[in-house]
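These are my notebook entries from an afternoon with one model.

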Amino acid sequence: MRLWKRWKLSNLLDDKRSYKEATDNCKRAIHKFHAAKELALIRKNNLGSFFNFINRKLKSNNVSSGLKLSDGTITTNPNEKVKAFNSFFGNVFTQDNRYCPDVTNRVAADRLSSVSFTPNEVRDVLRKLKPTAFAGSDNVPNIMLRKCANHASFALCHIFNISFLDSYVPDCWKYGIITPVHKKGPTSDPNNVCPISMTARPTCCRVMERIINNSLLSFLLDRHLITKQQHSFIRRKSLCTNLLESLEDWTLNLQSKLVTDVIFFDFKKVFDTVCHHKLLIKLKCYGICGNLLASIEAFLLDQSVCIGDTVSTSISVISGVPQNSVLGPTLFYCI
């Protein structure tokens with residue numbers, strides 16, 4: 001900026017040349033910085049970070065334009081937009097007809113009704129927190145909880161035990177934010193926007209969820225209530241292991257000259273259509289009862305819509321498992 005002002009004031013050729021050299025050096029430095037950043041991302045060997053980087057380059061999330069309301073008018077007011085989005089997303093919930101087919105119990109006598117919270121277990125979960133992860137609504141950074149794990153584990157253990165025994169979850173722990181992400185078509189049409197749920201739960205709540213989820217998964221896996229073919233969100237299993245097993249089966253079939261049919265299912269809004277009433281009934285059939293079942297019911301959250309710095313009022317969620325939560329995928333397996 002200083003060289004540009006000098007050139008415009010003096011209009012000398014030397015000042016212009018100095019300005020051009022400075023801009024070229026700046027462009028090369030920026031290009032070198034981004035090249036080094038991409039190279040570090042590749043060497044990091046983290047598929048999640050790589051795909052997040054690619055998605056940010058390819059996708060557009062422009063919902064800043066006008067939005068068509070139910071009466072046909074177009075509004076650009078942020079408060080009216082978040083209110084309209086929240087009302088629209090609330091109308092797409094699956095209304096429970098209160099009819100549940102007869103479901104036989106999957107376990108004979110085994111029941112899981114309680115989860116024990118010990119300081120050692122809480123300390124282990126705190127030490128595994130990612131320092132760069134989202135802090136949550138309380139703005140307490142993960143790095144602080146990780147560094148203070150030895151001392152914080154005793155207080156958190158006491159809070160978790162009281163909360164679990166009372167089957168009570170604070171409202172700030174159940175709060176969820178819906179971010180509208182544009183998919184296709186005109187951005188003014190709410191039907192062309194996909195709701196991405198980001199739970200605003202504090203890290204302490206996610207730590208409690210993690211301990212509950214570990215006990216719940218162990219119970220379900222030990223009693224074969226979750227099939228061994230399930231790969232996603234299971235320890236030491238992922239999409240890569242699923243593809244490797246599938247590729248091995250296809251290769252063996254090709255070598256044996258056998259016909260192989262591959263069927264893909266794409267469930268539309270699958271996480272949003274799970275009725276809470278039917279989910280709880282299914283959990284009972286799996287042997288989940290007592291304080292654990294009541295605590296899971298308490299974890300099912302409310303939601304609000306967020307665009308920029310504008311947040312709508314919260315509404316009750318009558319269907320769907322919490323996305324971006326620890327318990328969400330496990331609860332979905334139980335359906």
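Entry 1. I began with Asp14, which is exposed at a relative accessible area of 52%. For the words I use here, buried means under 20% relative accessible area, exposed means over 50%, and partly exposed is in between, with a 1.4 Å probe and protein chains only. The model is predicted, so local features need pLDDT of at least 70 and side-chain atom pairs count only at pLDDT 80 or more, while totals for chains, interfaces and linings use all residues. Residues are numbered from 1 along each chain as its sequence is written, and side-chain values use heavy atoms, with hydrogens and water left out.

Entry 2. I looked up the partner of Asp14 and found a salt bridge with Arg17, the closest N and O atoms being 2.9 Å apart. A salt bridge here is a side-chain nitrogen of Lys or Arg within 4 Å of a carboxyl oxygen of Asp or Glu. Arg17 is partly exposed, at 41%. Helices are DSSP runs of H or I with at least four residues, numbered from the N terminus.

Entry 3. How many salt bridges does the structure hold? I noted two. In the other entry on my list, Arg223 pairs with Asp110, with closest N and O atoms 3.1 Å apart. Arg223 is in the loop between α8 (203–222) and α9 (239–255), and Asp110 is in the loop between α4 (78–91) and α5 (119–127), so the pair ties together parts 113 residues apart in sequence. Both ends are partly exposed: Arg223 has 30% relative accessibility and Asp110 has 38%.

Entry 4. I then noted a positive surface patch made by Lys8, Lys16, Lys20 and Lys27. Such a patch takes residues with over 30% relative accessible area and no salt bridge, like charges being joined within 9 Å. Helix α2 (residues 13–44) gives the largest share, three residues. Lys8 belongs to helix α1 (residues 2–10).

Entry 5. A polar atom of the Ser153 side chain lies 3.2 Å from the backbone oxygen of Asn150.

Entry 6. Last, I looked up Glu297 in helix α11 (residues 290–299). Glu297 is partly exposed, at 47%. From Glu297 to Leu279 I noted 18 residues in sequence and 9.4 Å in space, C-alpha to C-alpha.

Technical notes
Patch = residues over 30% accessible without salt bridge, like charges linked within 9 Å, V, L, I, M, F, W, Y side chains within 5 Å. Areas by Shrake-Rupley, 256 points an atom, 1.4 Å probe, with all protein chains shown as cover. Lys, Arg positive; Asp, Glu negative; His and termini not counted. Charge placed at Lys NZ, Arg CZ, Asp CG, Glu CD. Helix = DSSP H or I, 4+ residues; strand = E, 2+ residues; numbered from the N terminus. Polar contact = N/O pair within 3.5 Å; in protein donor to acceptor, adjacent residues only side chain to side chain.
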